Every structure is written in structure tokens, then in C-alpha cells.
Amino acid sequence: MIITAIVVGLAGGVTALAFAALRARWILRQDVESDRLREIGGFVRSGAMTFLTKEYKALAPFVVVVAAFLYIGNDGFLRLQAVSFMIGAGASAAAGFFGMRIATQSNTRTTHAALSGMDPALRLAFSGGAVMGMSVVGLVLAGISVVLWIAVDRIGADEHAMISYVLPVLSGFSLGASSIALFARVGGGIFTKAADVGADLVGKVEAGIPEDDPRNPATIADNVGDNVGDVAGMGADLFESFVGSLVGAMILAFAADGSLELKFALMTFPIGLSVIGMLASMIGIFLVRTGGKRSPQAALNLGSFGAAGLAAVGAIPLLYGLFGSATMPAGMSMWGIYGSVLFGLASGIGIGALTELFTGTGKRPVKAIVRSAMTGPATTIITGMGMGMLSALFPIAIIAVAIFASHSFAGLYGVAMAAVGMLVTLGVQLSVDAYGPIADNAGGLAVMSDFPSEVRDITDELDSVGNTTAAVGKGFAIGSAALTAIILLSSFRESVGAQVIDLTNVEVLIGVLIGAVIPYLFSALAMGAIGTAAFEMIEEVRRQFKESPGILHGEDVPDYDRCVAISTGSALEQMRLPGFIAVGAPVLVGFMGGVDMLVGLLVGVTASGVVLAIFMANSGGAWDNAKKMIEAGEAGGRGSEAHKASVVGDTVGDPFKDTAGPAINILVKLMSVVALVIAPILRTMGG
């Protein structure tokens, strides 16, 4: 059965990658007739790919050092963890590279397509997102299948081999994916927000020029940042979430009571379900059209919900094939497993809907921020933070219900399948999410290339929908982070044999407190890095305006490259310390404090981190859309005092929602994965 799982997973991965390649080929065949558009788009594309190349070069020594540690620190078959780690890191990096390369080719083509109307522009922007989405799914499935094949071929597939060697080796793949994801999120977030803050505060507030105005020296860096932060960063985030949920589910499959055949069936189910979700996502991608009177939002919803429905139906034959004649242990049933998957799907949708409720344009929380902007920046920030704090309650309630229900259906394995269910249609979910930055870039390119206002109207509508999809995508990311971290924690507990966690144990309590403060330390470092980089960016933009007054009159060309270089240098320098804390904290606590303290650390960082991530993401999203409402004419419109206050609020919210908040999602999972990887060593020390 394990060979069947490997073949199915590998075939699914290759199919997804082939689909992404065909979409990319179609995008590249589309013409861009404007020389000015090609030139400006080339600046953005060059800046994005230069940053990503430099980021990967900076990460290469880290990957080599960790791989060497895994090789030296283990012995025998467990040394394959080093190989698995490098495959995971390479797959995550490849997903970001392919996705961003096509995204930066799609933006100019989307701008040009908007000359022909809404539907051609939507198709191009969404196709660019689909390349990212399907590349991620394809590389996850193919990567896990390859690692499983290597491990089973070298070690074997009996129960002892699977528990003691094969599954720990597979956790190395998850560590590689999580490590690259964290640095991509933090580095990309620092880059994009440094540019965004500089462009907004000096360009829009001080100089009074519109957003994406080519006279602003930071505008190219700002558009580059949309790609490195929201395309490559989000792709890496959900890549490692998907990997973590699959690996955690496989480990918990072997923790279930029952025959070896049943355990293999439980291990095979998440892979088969992911392939069904991939096929459903392919169909959902083709459903995204605005023919007739369908709006872009309705088209995207049809693709997302259509794929979810198809995946839910497609899971039933798989269940019968694997469990129809199986003897299930107490507390687990075939339909209980299916119910867990459905709860995961529903929870993801529910968290996304709540995110839209608290961050959507025209919603009551955002209207409250608009009103508060009329009395200045202070009340704008106070109201936004209050709404963000309030918004954390309801997603946590949904996550708690999902955990309780899925656990009652199928135990810890049910919780794992809820996490997989939440991400089962990741191909179309990530396509919808990555489409937003492409549409945003297309609008900026339209302004900088002097396209007709009708083109900007179309791209603005697509971008507005993209803000909603991005908010919903962040909701999915947060929900999946919570469930994935819990199943990874459960997998770690199983791996080290810690059956009972005594919260009155002093070592556990110390671990909980240390874990609870780490997300705040991590966020402080990320926010401080943005402040440092933004200060340098602001000074650079001011310098150019002062030394070359002709820039504001359109007589001189700004030095875009200097601003891109500032963001790149700051991002690469400042991303290291937060990343090392995430990787190093579990290792230090585990080896110095022991298993009990490490379990407490993971509990603390998960509980604290999930709540803080929701607060930051929703506060930032609400500030952003409050600014957009004012720019659309509310509270005095552009140039008013309320508008200036909303820009300040949005500037505070940007690092909340695009750097620190999303990176915390990865932090809580990465720390659990690190613990899972060192579990065999800790178990040996404890023995």
C-alpha cells in the first residue's frame, strides 16, 4: 500500500506541475505592445528576481549548516534527515522562484489585457496566481513522495522501520520547507513594508503625489515588494502548512490502534485526499470567468467553493476504497474521518468569512476606523487595535470547535485530517490569493505607463477584490497554522513518549511562559527591522526630492535602483536573527531543559502566537481598507485630515498584516517541526 501511496502522490505532483507549466506557457504567449509598459514591468521583474536570488544565496549557508548538523547529530538511517531537509528546502525555494517569476510576467500582461475588458484581465491575473498555487501543490506532493520512496527503499516499510526511521526522516522535509518559508516571509515582509512606508509617508503625505506615481523613487521598490512579500512569501507560508499537515497526519496514523494494514491506509488517505483536492482545484481554476453579469468576486467564489464541493464529493470513493472493509479501532470510523475533513473545510471558510467581516470595506469595524480617522492618527490607531483584539475571539472559537468536533470523530488523527481538509483545495485557494498582488501590480504599472483611466478602473476593481481574497487567505493561513501546530505538537509528544503533560510541573510552566513570550520577541524584531529599513528609505526619498527638484515636475528620472537596493540589503540583514530564534529556541530548551520544558514551550508559543497573529492580521487589514474607503470619498476623501490619519494607521498596520503577523504563523509551526526533528535524539537521551 505504501508503494501505491508513493505512486499516487508522485503522479499527482507531476500532474499539478504540468498544469502550472501549461498555464505559464499560455501567459508568456500573451503580447505586451506598449514599450513603456515593458520597460517599467522589466524594472519590477528585475528587482523581484534579484532580491529572491540574493535571498536564496544568503540562505544557502544556513541550509548547509543545518543539513550537516542533522547528519552529524544522527546516526544510521536517521542521517537521511539531512537529505530530506535539503529536498524540502529546495522544493520550497523552487515554488517561490517559479511562482514569482510568472507573477512578474503576468502583471504587465494583465495591464495590457485590461484594455480589452474585465474578463481578459481577470483571466491573466488569475492564471498567474494559478501557476503559484499549482506549483506549490505539485512540489509538496512530489517532494513528499520522493522522500518517502528514498526512505522506504533504504530502510523498509515494516512498522518498526516506519515509526523509528521513515517518519522521522520525513519530518526533515517539513523542517526544510518551514525554514525557507520563515525567512521568505520575514525577508519579503521587511522588503515590501520598508518600500511601502517610504512611498506612502514621503510620497503621498509629504509630497502629495498619488500612489504608484512614477515620480516617487520608492514606487518600483513598492511594486517589487508586493511580489516578494505577497506572492513568494504567501506561497512559502502555505507550502510549509500543507507539508506540516500531511507529515503530522502520517505520523499520527501510526499512533492509532489497529493493524499494520489499517495504519498504512490511514497514512495513505491524506496523500490520496490531497491528489483529489488538486484535481478539484484544476476544475475550480477553469470555473473562474466573468462571463455575463458575474462579478470578479462571484467568479473567484465559484472557483473556490466549486473546488471545495468537488473535493468533498471525491473523498467518498477514496474512503470506501481504503476503509470500506477495514476494522476500525474504538473512537474512529470511516465517516468520522470524513466528518473531520468536512469540519476542516468548513472551518477554513468560516475563519475567512470572519476575517472579511472585520477587515472588509464597508463593514462596521472598518467604518468605525473611518470615523475615528476624522479625529486624528491617535484615535485611528486606538480603534484599529481595539477591533483587531476583538476579532481574535471568533476565529479562536471556530478553531476550538473544529478541534473538539474532529477529535470526537476520530481522535488526534481526526484533528490532523481537519488540518488537511482545510488545505485540501490549496491549489485554487492560493491561486485566488496570489492573484491579488498581480492585479495590484497591474494597476501600478497602468499609472506609471500612462494607460487610459478605464484600465486603472478595471485593475482597481480587481485589486479591491484581491484585498478581500488576501484577507480570506490570511484567515486560512492562520487557521491552518493553529491546527497544524497542534498536530505537530501531538506528533512530537508521540515521538518522545510523553503521554501526559502535567501543567503543574514547574519545568512545563517555565516552558509555557518562555513559549508565550517568543511571538512578541519575534514580532518586536520584525517590526524593529521594518522601522530601521523604512527610516533609511524615507531619508533616501527625501534626499532625491531635495537634490533633484525636477523629479516632482517630471523633468528628472528618480533613482529607483537605489531604493530597491535599500530594501534588499535591509531585508537580508535583518531577517537572520528572528529566523535563528525560531530554529534555536526549541533546540536549546530541549537539550538544556528536557522534554517537559520543550512541550511547555510548544504549548505556549502556539497559544500565544495564534492569537497574536489574528490580532495583527485583522488590525492591519482593517486599517488598510479604512484608508481605501476614505480615498473613495468617505470622511472628506483624498487630501483631507482624515485621509492623512488613515495613511498613518495603514502604515502602522502594514508590518502588522504583511510581516510580523503572517510570519508568526510559520514560527509556531517551525518550532514544532524542529522539536519533531530532534525527538529521536531526545528520546535516546531520555532512555
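Which residues is I337 in contact with, leaving aside its neighbours within four places in sequence? They are L266, F269, L319, F323, M328, M332, A410, Y413 and M417, where contact means heavy atoms within 4.5 Å. This is a predicted model, so local features need pLDDT of at least 70 and side-chain atom pairs pLDDT 80 or more, while totals for chains, interfaces and linings use all residues. Residues are numbered from 1 along each chain as its sequence is written, and side-chain values use heavy atoms, with hydrogens and water left out.

**Core**
- The largest nonpolar core has 239 residues, and F269, F323, I337 and F492 touch the most other members.
- Such a core is a set of buried Ala, Val, Leu, Ile, Met, Phe, Trp, Tyr and Cys residues joined through side-chain atoms within 4.5 Å.
- Helix α5 (residues 159-206) gives the most to this core, with 22 residues; helices here are DSSP runs (H or I, at least four residues), numbered from the N terminus.

**Around M267**
- M267 sits in helix α7 (residues 260-287) and is buried at a relative accessible area of 1%.
- Buried means under 20% relative accessible area, exposed over 50%, and partly exposed in between (1.4 Å probe, protein chains only).
- Not counting residues up to four places away in sequence, M267 touches I2, L148, M162, L167, M250, A253 and F254.

**Helix α10**
- Seven of the 10 residues in α10 (residues 364-373) are buried, among them P365, V366 and I369.

**L302**
- L302 belongs to helix α8 and counts as partly exposed, at 35% relative accessibility.

Technical notes:
Helices (H or I, at least four residues) and strands (E, at least two) are DSSP runs, numbered from the N terminus.
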